[in-house]
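My entries follow the display.

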Amino acid sequence: MPQTKAKARLGLVVLILVSFFAVPIATGVLSPGTSAYAQIDFTPNVATLEVTVSPEPATIGPLIRTPGDRFDCPVGMPERCRPELVHIIGDDLFGWGELLGESGLVLVWITDETGTHFLVVSADDPQLTSLPGADSFMELMELRLDEIKYTGERIAEGFGSGATAGVVVIGLLALCPETAGVTCLLAGLTAGGAGLGNVIRNAILSSQSQNRLEELELGIIGRFRQMILTITGP
Amino acid sequence: MDSRQAGNHLPRSFWTLAALSVAWWTLAPGAYFLFSGEAAWGMLLSALGVVALVATLSNPIQLKLEARAVSRPLALLFVVTVIVMALTELWMAISFASGSPFSPGLLALHAALLLVSGGATGMQLRQVQPGM
């Protein structure tokens, strides 16, 4: 056992010594400063280049977006594909936002197993804002965000109830005199039972909420496809 | 002079692992909830977690706990509570959809480590010293 400890200590010392050199090199701390380069005297032997003014090239303006523009992004990196937006309603998976510098145009996106799909739509598109007798994209998004908030609350309450029960039991164990063992055990059982009951209740509620969330996301994907068909269709 | 009283004494390793389990149980989700907008639960769990962490690292607290005569069934109840809660959390992680905004992976990792620490705490109960 002492040999193992000595070996471990030796390994640690070697690791620290190596890291003294490796870390500064890896982080660029030991790279040569600008003064090192300044010592080299280099006079180029090149004839002076005559510069003639060439006509200005045609400027390429920013990418102009129009309703119906679509682009996709591989799974897991939607924030890299997304153009700048005034604000974002939703998250990386599902959402919408007004395009920066292009008032009247809204970018909407959905995510499925193939990645995140983006679509530019007009801000007054009824499929986006309000539909008679059906939920628009924005309304479905609002319902989805409410459902996510609800699930979050249930998860937090479940965690909180379970952990609080555990803390009560360990508190009783640490503070109760052994002579009051049965009383403390009953109190612990009550706390544990109540905590477990609340954890299970919240787990069931959050599981049901997850199912509703999946249905809502299917609805959002359906509305997205409807928008594509409406905009790009005849 | 031995400061211990007559009765069941739990080894120091039990108290260390129990406090560490509570710290992991409360501090990690507490910090997560604080950042995800669940401020009330976030603050409560974080505060409990900090207290548990102090108890894990404090030598005087550990010595006092080790010297106390405690109820063994209550210690067993604590271990059972940790394991049952960890299993429930694992079930929640499995029931979550993979595309969910709540990471089932993180939940499963938390539950798995809690399960391991609960099991390790339970193993220390074998070393309980009977009354002197």
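I worked on a predicted model, in which local features need pLDDT of at least 70, side-chain atom pairs count only at pLDDT 80 or more, and totals for chains, interfaces and linings use all residues. Residues are numbered from 1 along each chain as its sequence is written, and chains are lettered from A and ligands numbered from 1 in the order in which they are written.

I looked up the sheet and found it open, with five strands in the order β1-β5-β4-β3-β2 (chain A) and antiparallel pairing. β1 (70-73) and β2 (89-90) of chain A are at the edges with a single partner strand each, so one side of each has no neighbour in the sheet. Strands (E, at least two residues) and helices (H or I, at least four) are DSSP runs numbered from the N terminus; two strands pair if DSSP finds at least two bridges between them.

I then examined β4 (residues 105-112) and β5 (residues 115-122) of chain A, which are antiparallel and joined by eight bridges. A hairpin of two residues connects β4(A) to β5(A). Leu105(A) has Ser122(A) as its bridge partner, and Trp109(A) has Phe118(A).

On β1(A), I noted four bridges to β5(A), again antiparallel. Here Phe71(A) stands opposite Phe118(A).

Lastly, I checked helix α4 (residues 137-175) of chain A, which lies across β2, β3 (95-98) and β4 of chain A, at about 125° to β3(A). Contact requires C-beta atoms, placed from the backbone, within 7 Å; axes are lines fitted to C-alpha atoms, for helices over the stretch in contact, with angles from 0 to 180 degrees between N-to-C directions.

Note on methods:
Contact = placed C-beta atoms within 7 Å.
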